[in-house]
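Keep the 3D view open and follow along as we go.

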Amino acid sequence: MNLAGSVSARDRVLPLAVAGGALAITGGLLWWISGSAVTALAYAGAIAVLAGLALAGLRLLPAGRAEIAAQPDWSVTVEAIEREGEALAVTDRANRLVCANSAYRDWFGTSHAPPNLPVDRPSLEALARAAREAWRDGTGKVERLVAATGSGGWSASASRAGRGDDYLVWRLQPHGQDNLSEAVSGWLGGVFGLLLSRSGIEAATVSADGIIGAVTPGFGERAVGDASATLAGQEFVTHLRTDDRDRIYFAREGRRGAPQTLLQVPLGGAGDGGKSAADDAPSLMLLVDSGVGIGSWDGGGQAATPQLESLLEALPLGLAMTDRDGRFLFANPPFKRAAGLGEKDLPQYPSDLVVREDKGALADAVRRYGKGSAASGDVAVRLRANPEEPASLGLAGVRGLGEAAVLLSLVDSSEETRLKRQVAQATKMQAVGQLAGGVAHDFNNVLTAILGYCDLMLLRHTPGDSDYDDIQQIRANTNRAASLTRQLLAFSRQQTLRPEVLQLPDVVSEVSQLLKRLLGEKIELRVRHDRDLGPVRADPQQLEQVIVNLAVNARDAIHSRGGGKGRVVLSTRRVTAGDIRKQANDILPPDDYTVLVVQDNGGGIPPEAIGKIFEPFFTTKEQGKGGSMGGTGLGLSTVYGIVKQSGGFIFADNVAGPGGAAEGARFTVYLPVHRGPVAAPARSEPERPTSDWSGGGRILLVEDEDMVRAVAERALVRAGFTVVTASDGEEGLAAVANGGAFDLVVSDVVMPGMDGPAMARAIRKVRPDLPFLFMSGYAEAQLRDEIDMENMHFLAKPFNVQQIGEKVAMVMAGRPK
């Protein structure tokens, strides 16, 4: 009978037969040994009872439970593969996730099994290749995986495992956390590791929890008898042993081998301001045969044998040695570079490398590691060569090297610091630009009201009146303030540009006569042009403003130097994409450029100011001096904004003179070469004379600023229009929705609640043919990109009474009759 969920009849009979035979044999042996038949029968009876109970339990055990009992207990495996900072997972041949540690579950969840992880397409393909290699060859590896979101990445490896090679073990680590450890591991497995082994020095990279990452060929030979063994994933301490005198040997060699001196070099914790403890970072373990005489140092502090010194010289890590009293014995070139010494001699103490406030703490730390137990750590210091950037100096106590007692490690982070400063400067410039644009936009509303009321007052006064000159003075100063807001908008890249395809030498020629008058008789202007210059696409008027501002800046620098004749050289050059690649510039993308260079002999830019010269309101000139900008600090910031809005790049540096000192400053503007025809402006409107419109019409005016709304209303009523006003977008939409018949809507762009574009789109659903005239202090091109609609017009703030009247008349004249 076949019962579902029970053991089959055959499965019951076979165990009974085997058990019966075993019972008979065991009883006979017991009778023969003890000589007592009663004892043998009692034993056989007990065994039979136990067998019966076991069979009864087997009959009651469901088939599913029996299958589960036959499966391995993966919970034990999960506990065994728990690793901090490393994700481990096991998959079967169907790529199903069998088990995973907590790090894997936290990073990827249980719904994703390798190689199908949430990464980008190239990473998925690389994982699939690694899986195929692991099934075929036993191992597979992916150097870099990029998350699908682009916010993170990992490195991954897979190895075939299991009694029947039916499983893959995947290991994934966050990419970048052990870059230095990975680099050193690569060196150990290459020619460098072979050279170390031939010199009698073995090395291994070891993680914070003691797991080997890579070893030199000699380490593998002495540890397991195989020079090609990587030993990756094995515990480092299992290959070593100590005797009763705490001497270290290779476990495979035992006392037959030479005792080893163990040196630990932390591969982390340096260069991050001391925030990473060395105990949590991977390390480079060096094993040196103690019997070869390494580490015997003479009384003068110099190595009696150059072997260890040669090793430290060859390493790309910044390493140095001190004695127990903290005196320097040796430092390799990378350490000197990281410490800012260059070609200078090594000082007597490590504390001589840091600022005065950090001397005591560093001296105490060196003496503590030199005289205490063999331990490692790090201390945050500020180097004298770069006191603004904190660095982390690694320390490790070493023994068995004669006078050498402390191993110091320091990473050269100058390139990292430079990149951090560039990112910080770019972020600051972007934030200042947004602030400047917002201030300029709000200030334009105030200026619009002042200009409007001045115009309305001038209509009631004639030249010769007592108030006429005062009103004109107010109007003139308001226009001057408006020019400052235009400079702010230029810096924030929000001004209106009208680009054209042009040749840069033509613009220089147009402005040359003006430059000569601006520079004066004592300053010589030299103009040089390269051949075969490519055309550029820019606003010619704004480009002239760039040249004038740079020339005026050069003139002021020459005058501040005092005495003698000055020189300003204005040149254009052709730079190809190949030239850019040779420069290895991280900012300039490879492309063809037409370059404008403005160079003077005014003494150069102070080093402390060269990183701030493009910031608005930063100036080294006295108030009231400095040409058209009047010492406001907006001249170079305007240049920066115009160049960036035109798609170009600008750089400032100093030019060295014959004696090596800075002779003058040089500003280099890169404008990309334009290819193809000029794109026509989107929905450009033809200029129509206002006389084509006889006046009249019903206008809806929407403006949240009371003073601007009042000026615009009076100006339009004076021009003969009927005006209905609204203070926000909701009120304007209600005026149209309630049956208001309007010929034109004049609206602000930025308003609380419903803004101008949102109101326009809602009104167009009811009146699709109704034209709109937007008033804004922002750039027209930016506005048209954000508002994509037909029959839309633009009026830049600030405007006067005449300008708004003419603009509305022009739009009304273009309406279909």
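P798 sits in the loop between β28 (792-796) and α23 (801-813). Look at how that proline is joined to its neighbour: the peptide bond from K797 to P798 is cis, with omega near -5 degrees. Keep in mind that what you're looking at is a predicted model. Another cis bond runs from P114 to P115, this time with omega near 5 degrees. You'll find P115 in a loop as well, between α5 (102-108) and α6 (121-137). Why point these out? Most peptide bonds are trans, and most residues other than glycine have a negative phi.

D532 has a positive phi of about 55 degrees, though it isn't a glycine. N791 isn't a glycine either, and its phi is positive too, at about 55 degrees. Here they are together:

| Residue | Phi | Loop |
|---|---|---|
| D532 | about 55 degrees | between β18 (523-529) and β19 (536-538) |
| N791 | about 55 degrees | between α22 (780-786) and β28 |

Are these two buried or exposed? D532 has 66% relative accessibility, so it counts as exposed. N791 has a relative accessible area of 34%, so it is partly exposed.

Now let's zoom out. The protein chain has 23 helices and 28 strands. Of its 817 residues, 42% are buried. If you take the contacts with a separation of 6 or more, 60% of them are between residues 24 or more positions apart.

Which kinds of residue make up the lining: nonpolar, polar or charged? It divides into 11 nonpolar residues, no polar ones and no charged ones.

Finally, how confident is the predictor? The chain averages a pLDDT of 76, and 71% of the residues score at least 70. Over residues 270-277 the pLDDT stays under 50, and the model gives that stretch 15 contacts beyond four places in sequence. Residues 626-632 are also below 50, with 19 contacts beyond near neighbours in sequence.

Definitions and conventions
Residues are numbered from 1 along each chain as its sequence is written. This is a predicted model: local features need pLDDT of at least 70, side-chain atom pairs count only at pLDDT 80 or more; totals for chains, interfaces and linings use all residues. Side-chain values use heavy atoms; hydrogens and water are left out. Ala, Val, Leu, Ile, Met, Phe, Trp, Tyr, Cys and Pro count as nonpolar, Asp, Glu, Lys and Arg as charged, and the others, Gly among them, as polar. Helices (H or I, at least four residues) and strands (E, at least two) are DSSP runs, numbered from the N terminus. Buried means under 20% relative accessible area, exposed over 50%, partly exposed in between (1.4 Å probe, protein chains only). Contact means heavy atoms within 4.5 Å. pLDDT is the predictor's confidence in each residue, from 0 to 100.
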